[in-house]
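Trainee: I would like a close look at a single helix in this protein, with some of the surroundings for context. Could you take me through it in one go?

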Amino acid sequence: MTGKDNASDEKPVEAQKQSEWAGIIRATGSPLKLFALIVLVCNSIFGIAAAWSYNSEIFVFTLHTFLAIVACFVLIALWSPRSFYSPSELTSMAEFENRQKGQLILPKAQPLVPTLIIAVFVLIYAYYQNTNG
């Protein structure tokens, strides 16, 4: 075989890998779907690490991390729900709102509120870990 044959054999494999990643990225067409994928991957990794460590503290941190991610998700969903939609979904919602004479489907985004609440809870958790650890 010549060098050209080896190069041509490798290109389809690389193209296939790229198309697999492109498929994953297409499946996460909105920030909400991407967030769900990230949560699933992170929780799987945290759970496997906690199970292999045989240390109850790591398992507790895993649960705390999961609860913190869920709490952040809920706060963002309550105060900035538009951030979970892709631009194309927001455009179709805006068109629907225009037909409904300006009635908002989703409330106006207020990112400062969840940001402050998350920051306060991070400080409270840091204090808790410092005093109990």
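Mentor: Happy to! Let's start with a term: a residue is called buried when its relative accessible area is under 20%, exposed when that area is over 50%, and partly exposed in between. By that rule, buried residues make up 11% of the 133 residues in this protein. Keep in mind that the model is a predicted one.

The secondary structure consists of five helices and zero strands, which along the sequence reads α-α-α-α-α. Of the contacts with a sequence separation of 6 or more, 56% are between residues 24 or more positions apart. The protein has an accessible surface of about 10400 Å², and carbon and sulfur atoms own 69% of that.

Now to the part I'd pick for you, helix H2, which spans residues 31–53. H2 counts 23 residues, and from its first C-alpha to its last it reaches 32 Å, close to the 33 Å expected at 1.5 Å a residue. Just after H2 comes Tyr54, whose phi is positive, at about 55°.

Which residues of H2 are buried? They are Val39, Asn43 and Ala50. Helix H3 (56–79) is included in what covers the buried residues of H2.

There is also a nonpolar patch on the surface to look at, formed by Leu34, Leu37, Ile38, Val41, Ile45 and Phe46. Together these residues have about 490 Å² of accessible area. Take Phe46, which lies in H2. Its relative accessible area is 32%, so Phe46 counts as partly exposed. Patch members need over 30%, and Phe46 has 32%.

The structure holds one aromatic pair. The partners are Tyr125 and Tyr128, with ring centres 6.0 Å apart and planes at 35°, so the pair is tilted. The label follows because planes under 30 degrees apart would count as stacked and those over 60 as edge-to-face. Both tyrosines sit in helix H5 (residues 112–132), three residues apart, so about one helical turn separates them. In general, an α-helix has 3.6 residues a turn, so residues three or four places apart point the same way. As for accessibility, Tyr125 is partly exposed at 31%, and Tyr128 is partly exposed too, at 38%.

Key
Residues are numbered from 1 along each chain as its sequence is written. This is a predicted model: local features need pLDDT of at least 70, side-chain atom pairs count only at pLDDT 80 or more; totals for chains, interfaces and linings use all residues. Side-chain values use heavy atoms; hydrogens and water are left out. Patches are made of residues with over 30% relative accessible area and no salt bridge: like charges are joined within 9 Å, nonpolar side chains (Val, Leu, Ile, Met, Phe, Trp, Tyr) within 5 Å. Accessible areas come from the Shrake-Rupley method with a 1.4 Å probe; for residues, only the protein chains shown count as cover. A salt bridge is a side-chain nitrogen of Lys or Arg within 4 Å of a carboxyl oxygen of Asp or Glu. Helices (H or I, at least four residues) and strands (E, at least two) are DSSP runs, numbered from the N terminus. Buried means under 20% relative accessible area, exposed over 50%, partly exposed in between (1.4 Å probe, protein chains only). Rings of Phe, Tyr and Trp (its six-membered ring) pair if their centres lie within 6.5 Å; planes under 30 degrees apart count as stacked, over 60 as edge-to-face and the rest as tilted. The expected span of a helix is 1.5 Å times one less than its number of residues. Contact means heavy atoms within 4.5 Å.
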